[in-house]
Every structure is written in structure tokens, then in C-alpha cells.
Amino acid sequence: MSIIRSLRLLLTACLLALMALPAQADDAQAKSLLKQLADAPNAKKGAVISDIASSGDERARQWLEAFADGKLAQNEETGDFVIVLENRGRNWTVADALSGEEIGEVSRRDLDSIRVNNALRRELDGILSVIDLTVQDPEKRLTAARELRGSVDETLIERITALMEAEANSDVKAALTEAIAIYKVDALGDLDAVAQLSGSLNIDARAALTNAARSDNAELAAAAQTALDQIEQKLKLNNAAKTLYFGISLGSVLVLAAIGLAITFGVMGVINMAHGELIMLGAYTTWGMQQLLPGQPGLALILSIPAGFMVAALAGVAIERTVIQHLKGRPLETLLATFGISLILQQLVRTVISPLNRTVVTPEWMSGSIMINEALSLTLNRLYIIGFALVVFAGLMLIMRKTRLGLEVRAVTQNRAMARSMGIKATRVDIMTFALGSGVAGLAGVALSQITNVGPNLGQNYIIDSFMVVVFGGVGNLWGTLVAGLSLGTINQLLEPWAGAVLAKILVLVFIILFIQKRPRGLFPQKGRAAEG
Amino acid sequence: MTQSTNYGQSWLTRPFTERSTQIFLAVLLGAVALVTFLNLTMPEDSALHVSTYTVTLMGKYLCYALLAVAVDLVWGYLGILSLGHGAFFALGGYAMGMYLMRQIGDRGVYGNPELPDFMVFLNWQELPWYWYGFDMAWFAFLMVLLAPGILAFIFGYLAFRSRVTGVYLSIITQALTFALMLAFFRNEMGFGGNNGLTDFMDILGFDLRTDGARLGLFVASGIALAIGYLICRAIVGSKLGRVSVACRDAEARTRFIGYRVERIQLFVFVVSAMLAGVAGALYVPQVGIINPSEFSPLFSIEVVVWVALGGRATLYGAVIGALIVNYAKTVFTGVMPDAWLFALGALFVLVTVFLPKGIAGLLAGLTQKKASTDKSVAGTAQEAGV
């Protein structure tokens, strides 16, 4: 069978298929196609294969693959078409070709296999390698087209060129054009194709260009090198964007962990070393919620947001009432006592739940990533956390700036005696503020449960970082915490490529230690009387 | 006990005339002598026999006590709550560990005369420059003092010059020890990474695994504690010590009077770091290993609670606190390991809330009402809330 003929068939078939996009091939049509295949003499089978391939039926690939393996058969009694799954012994296990469901064993004698020969197989191979390009779903065509890059050879090039010309979807068309260009650069040294590939981020395109740049043809080599340089530029830009994204993502985690501390330490002046354990409580609340609502991780996660806030806030109130209020004005003693509380909470979790890490499920809508281009994809869970951190920050800002509570908190921290004489219940404000700060730590825990291990040591890993962020940003300043968290996260990510993760962290710590020497009150020091308090 | 009356004497001899120092030295040296005697002379099956295991355990406690004294010197008398003294302790320990590593020579698993086992394992070709000299005892022992001392000097110089005090200082000392812990965990640092330095054999030609060497280390720890205590007493009793208490209680005023506050702070801080280094150096051969976990912030803050339990600004209180907590730790972790962190956590809370002056304060309240001077020192520290 000549290539020209099959190509013509395919082309017309494709055009037909594209024009008939909305018409879903129904079972009756499918059956009639299969019947044609079974009944046609070998010489005519090629045409039927093309018809099947171009029918746009999702099952076409299955049928043709089975046919190529000699496993497509017709039940002599019922006339139904089946795919043989297991052909050992007297009875063969088969699946219905139309529904795809396994229908049990059928005697070998009742089955009439549709014969295939070598010429047909060759044609099938060609069709099968491009059959995904003819399905109706443009997403699937795009995936297939992308996979083709780098694997096009001379047997396929004509089919693909035809398909590319017939393609309606611009993305698919671009991917196919690229695939063809890679082939042309690689096999033919085509200069126009080199130009087409410049700026492509595909790894096969780069490989083809690199090969071309080494070729003996000086003109081709120079063109390929120019294209490669352009790609290099683009890659650098993408890498910078990636680093920035990871930096902001790490930074937003730091902001989340530190923002509660910015309230309790920064605004109230209470050194709460158990802050990390309040974060841990939030994370464990998420885990507990998911245990309560099995199979609904997304709902559990959303419910964990208020629940985590409440759990941590209540724990915070308990800490404030039992310990911190007795140590007012003695910050270093508060530090020691709350450290003791953190040890107790950690051990409590170890004893009551488990010393091992718990698994918190990431809901489907949070997993996966957004692909910006081939060199840059943004993981969704981190994107959500960046958004969550910003929402929490904005919420806190609103509370501190616009509500009665915020006003009272600021009044009490600036001048406790004066605020009390104005009728503000300072003790109540203390409790509310501490509950707010602790609750926000719980929120941080809910978010962190999505990206790190939930275990008894979760809090310890964040406590030093949190203090660093608050001190670096300037105590008593929420904006400072935001800026400090984001910039420390970005600095850390910038250092990582050449220093390694651990060394980058050490360098950041040393940087903060030195920075505090220079500016003991942080990036944004408080001014005025409140600063002296 | 009364610091004002014998103020005219030389700073060197004054500590010996104080009642509290005399009692402390008598009890300490007496206990060390008694344990040595019981260990050497009593037969193994006697009820009075002190096993070498117990001797080593007590030697370990004495090292912790020296560390606690060092912390009390800066916290009790200078008002600096260091949450990073474990770093100085560990640096002293690493200096000693490096000496002990070099003493192994070619008896290691790989039999390399130059390189310690872990370096051979990691394919190091030659000894890094900072390991030079540690085969000589005098150099290593000097480094036990200098390594923590220089770090404390640089850190203190930067911090005190820019007047970083209070909570900020506490937090950056914690960051310091945390950063060092991360650094020492790295294999590239050349200090054995995760596993640290271990498998020691000899110290000064004595086999570390013999009972004699262990007893010797115990006695050395006792003497080191006594000397460290005397040094601290001498500092505290001198004019320098009085100014440092003034810094603790009213830093700004002391500066306005004309004292160079940052120099006093720096001096006391460096001395304290060196004492911590010595404690670490004596600790390592007794436990047989030094690894980065000694740098962990938890350990440093634990030391502070020993001091808080014993009673701040008394020095002997620090020793009492260190001994009690560590004995309790040994008992607890042996009987029910899970409960230890509960107990330690509760200790932090209860001591700070209910026992602000520690055991020493309790004792002082029970036994005497007349020694008003010493009490007022401890009292002002609490009132100042530093």
C-alpha cells in the first residue's frame, strides 16, 4: 500500500473528523465500522482502518492496537466484537470492544479473530503513532503533539505535516510546527527551521540546536548558536522568576509563622517561646479534622481554618491566664516559662498522638501546578499559601487599624495606666490580644500542614525563624514583619543555588545577627514614646 | 559572705575570706576526696563502694555545674541572659575532641596516621589547616580557652558596642548557637558532621578506658569547678564585679556615671565563655563523644533553668541547680523516659512563677534574716527583671 494513498485517506479523514467534531460517534456507528473491518478483504482493510482512526472515537486507539496484535475478534454467535485479554487455554478472557468492560470467558471456538498481515501492521504503526493527534479533545491533541517533539522521523514526517496543516487549534499547531522544525534541524539542517526554534524552551529543541551548532555547515552553526543564545537568555529569565517564586513562597511561610508572634511579642512584648507549638497545634487540628472527615480532605482543610484558629487561641488564653500574667514586666522569666510550656506541649503530642509524623492529605484542588511555560511551573499549594498569608496579613492589619479591639490594644501597649484610667479593661485586652496572636499561629499551622511534615518537632523548626523575622522587621510593626519575612525568604532562595540549603540558612542567620548589631531595632524601628516602653 | 566589709583586700585573696566560698570549697573538695577514697579503697561488693560508672557520671555533673556557674556569672551578675552558652561549651569540647582524635593516630579503623577515620571515610586527602597543632596537648588546651573566648569576644564586641541588650541579645545568642549547630552538622566543615568526634583512646598518654583515667578526669573536673568558682567569686567581689552589677540593674545610669559599660560586659562575657569551654573540654573525654547536638538551643536554655532553679546571682546556687536537675534527669530518663520532658517543662514554669529566687533564695529565707547585703543583691536582680 503506497504512502501517498494512505496519506490522502488520512487527510480527508482528518478533515472530515474535524468538521464533524460535535457528532459523537455512537455505538451503532462504531459497530458498523468494526463490521466493515471484519468483512473487508485484506486489500480494502487499509481504508477501513483509516476510517476508524479518523472517526474521532475515543476507543479507536484501543481497537486498532488490539487489531495490530491480532486480538480483535468477533463472537460468531452474537456478532459482538470483543478484545481478547487472555488467550491461553481453551477459554479466552475477553472484553467487550464497545463498552470496554470485561465480560468473562468465551470458548476459543466461538471467536473469530480478525486477521492482520504485515502490510497492515506497518500501516497501523504509522496511524497509531499519530492517532492521538486526531482525537476530538484539543487538550489531548496538545499533549500528544508535545510528546512528538524529538521523536519525529522520516516515516512520520509526511503524516504530521499533513496533520499540522489541517490543525485548527493554534496551540496544537504550534507544537506540531515545533516538532517538525526539530526534525528538520536535526535531519536536514534546515535554516528556516532553526529560526523557528529560536526561543523555544523545549529540551529536544535545544538538543537539536546544540547538534546543529556543532555541524560543519558554518552558516547553519552560526544560526543555531544565535538561536541557542536567545534560548539561554529566556531560560535565565525563567530561572530568575522561579527563584523569586520560591523565595516569595518561603517568605510567605515565614510571614505566616511570624505574624502571630508579631502580635504577642511585637505588640504585647510577651516572649512566647511556645509560639511554635501553637503552630503545631494548628497543624494537628488539620490532621484531626481529616481523621474526622475521611475522604473529604478539602472540606476538612477549609473547616480547619476556623478550628485551628480556635484551638490555638484557646491554648493561648490558657497559657496567658496560668503563666504569663504572673510574669508581667519580667520578659526573660516569661521566656523561660513559655519555653517550659513548649516542652510540655511537644511531649504531650508525642505521648497522646504519636512521636511519628502524621500524614495530612493535600486536597486535589491544591495539588498539581500551573505551567507558565516549559521551564517554569508554579506549584499550586505554594500559590495558595502565598495567597493565604496575604489574606491573614490583611485581616490582621484591618483588626489592628479599624476595630475597637485594635484601638484598645494599641492604647494599652502605649500607655497601660493611661488606657486603664480611660476605662479600658487592660486585662481583657491582654487576653484578647494573646488569643488573637495565638490563633493566627494556629492558622499558620493549618497552612504549614500542607507543605511540611506534621510532627512534634514542627514548632521547634519555626520558632527561631519566627523570632528572627519579627526582630529583623522591627518589633511592634506588622509591615516590618511582612517585608522582613518576604525578603529573608527571597535572600535564602537566592543564596541556595551556590551555597546549598544549610549554608544558605546559616548565612541568613549570620546576616541577621550582624544586622541587629547595626540596627538593634530592626528594619522599621518604632518611633516616639511607644518605642521607649 | 559580706562583700562590703572586706573590700580593702586584694581581689585574689578576698574570695577565701568569704564564708559562702569557704563552705562551698570545703563541701566540693570534701565530696571529691570522699568519692575518690571510696572508689579506690572499698571492695567492689561493699555498700560503700562507688563504681567507676558513678564516678564518671558525677564527673559529668561537675562539668555541667561549671557551665552553670559560667552562665550565672553573665546572667546573675551582668544581666545578660545568654541562650547560647552551649555553643562555648561545645567549642571547648570540640577542641578537646580534636586533640583526642589526633591521639588515636594510626589505631583507627582505617589505620591512617594523619587523618581521623571520618575524613578517610569522606575521601579527604589531607588534614584541613584548622586541624594543625591539635596533636600537641598544650596547643589543644590553649584552644579550649581561645576558641570560645575569641567567638565570645567577636560576638560580644559587636553586640555590646551597639548596645544590644535584653531579649534581643538572648534571641541572637540563640540564633548564634543554632547557626553553629547547622554548620557543624555539615560534613564539609571537617568536624565529623552528624556523628561528631568519637572513639577516643588516650589522653596525655593515659588510656581513657581505664578506671584510673576516669577517676583522674573526675578529680580534674572537681578542681576545675573549684577554680572556676574562685575566679567568678574574685570577679564578682572586685570593683569590676560591683560595676557589672550596676550595669545589670541600671545600664544607662552606669554609662552616664562614666563607666565603659560595653568593656565590662565584654570582659565578663569572654571569661564566662572560656569557663564554659573548659567545662566542655572536661566533659568530652568523660562521655566519649562530642557531636553537634551540644549546640542545640534546647541544651543552652536548659542550662539557664538549672541556674534559675538553683538561684541566680549566687554562683553556688547554679552548682546546686545543675546537680539537682541532672541527677533528676538521669533518674527520670532511666525510669520513665517519656516523663522527663514533662518534668523539665514543669520545672521551667514552676521555678519562674513560684520560685523566682531559686533554691538558694529559699535557703537564705529559711536560715537567716541578718545577712541583708547578699540578699539585696539577689533581690535587686529580680526587681530589675533582667
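The entries take the model, the sheet, the helix pair, the chain contact and the cores in turn.

**The model.** I am working with a predicted model, in which local features need pLDDT of at least 70 and side-chain atom pairs count only at pLDDT 80 or more, while totals for chains, interfaces and linings use all residues. Residues are numbered from 1 along each chain as its sequence is written, and chains are lettered from A and ligands numbered from 1 in the order in which they are written.

**The sheet.** I looked up the strand order in chain A and found five strands in an open sheet, β4-β3-β2-β1-β5, with antiparallel pairing. Helices (H or I, at least four residues) and strands (E, at least two) are DSSP runs numbered from the N terminus, and two strands pair if DSSP finds at least two bridges between them. The edges are β4 (102–107) and β5 (111–113) of chain A, each pairing on one side only. Within the sheet, β1 (residues 72–75) and β2 (residues 81–86) of chain A pair over three bridges in the antiparallel sense, and A:Gln74 has A:Phe81 in β2(A) as its bridge partner.

**The helix pair.** I then checked α15 (residues 380–402) and α16 (residues 404–414) of chain A, whose axes come within 5 Å and cross at roughly 70°. Axes are lines fitted to C-alpha atoms, for helices over the stretch in contact, with angles from 0 to 180 degrees between N-to-C directions. The two helices α15(A) and α16(A) are therefore roughly perpendicular to each other, a term that covers 65 to 115 degrees. Where they meet, A:Ile399, A:Met400, A:Arg401 and A:Lys402 in α15(A) face A:Leu405, A:Gly406 and A:Val409 in α16(A), contact being C-beta atoms, placed from the backbone, within 7 Å.

**The chain contact.** I noted 39 residues from chain B and 35 residues from chain A in the contact. On the side of chain B that touches chain A, the largest share, 14 residues, comes from α7(B).

**The cores.** Which residues touch the most other members of the largest nonpolar core? Of its 196 residues, they are B:Leu66, B:Leu67, B:Ala68, B:Val69, B:Ala95, B:Ala279 and B:Val304. A nonpolar core is a set of buried Ala, Val, Leu, Ile, Met, Phe, Trp, Tyr and Cys residues joined through C-beta atoms within 7 Å, and buried requires 20 or more other C-beta atoms within 10 Å of a residue's own. Helix α3 (residues 52–78) of chain B gives the most to this core, with 18 residues.

Notes. Contact = placed C-beta atoms within 7 Å. Buried ≥ 20, exposed ≤ 12 C-beta atoms within 10 Å, placed from the backbone. Parallel < 35°, antiparallel > 145°, perpendicular 65-115°, else oblique.
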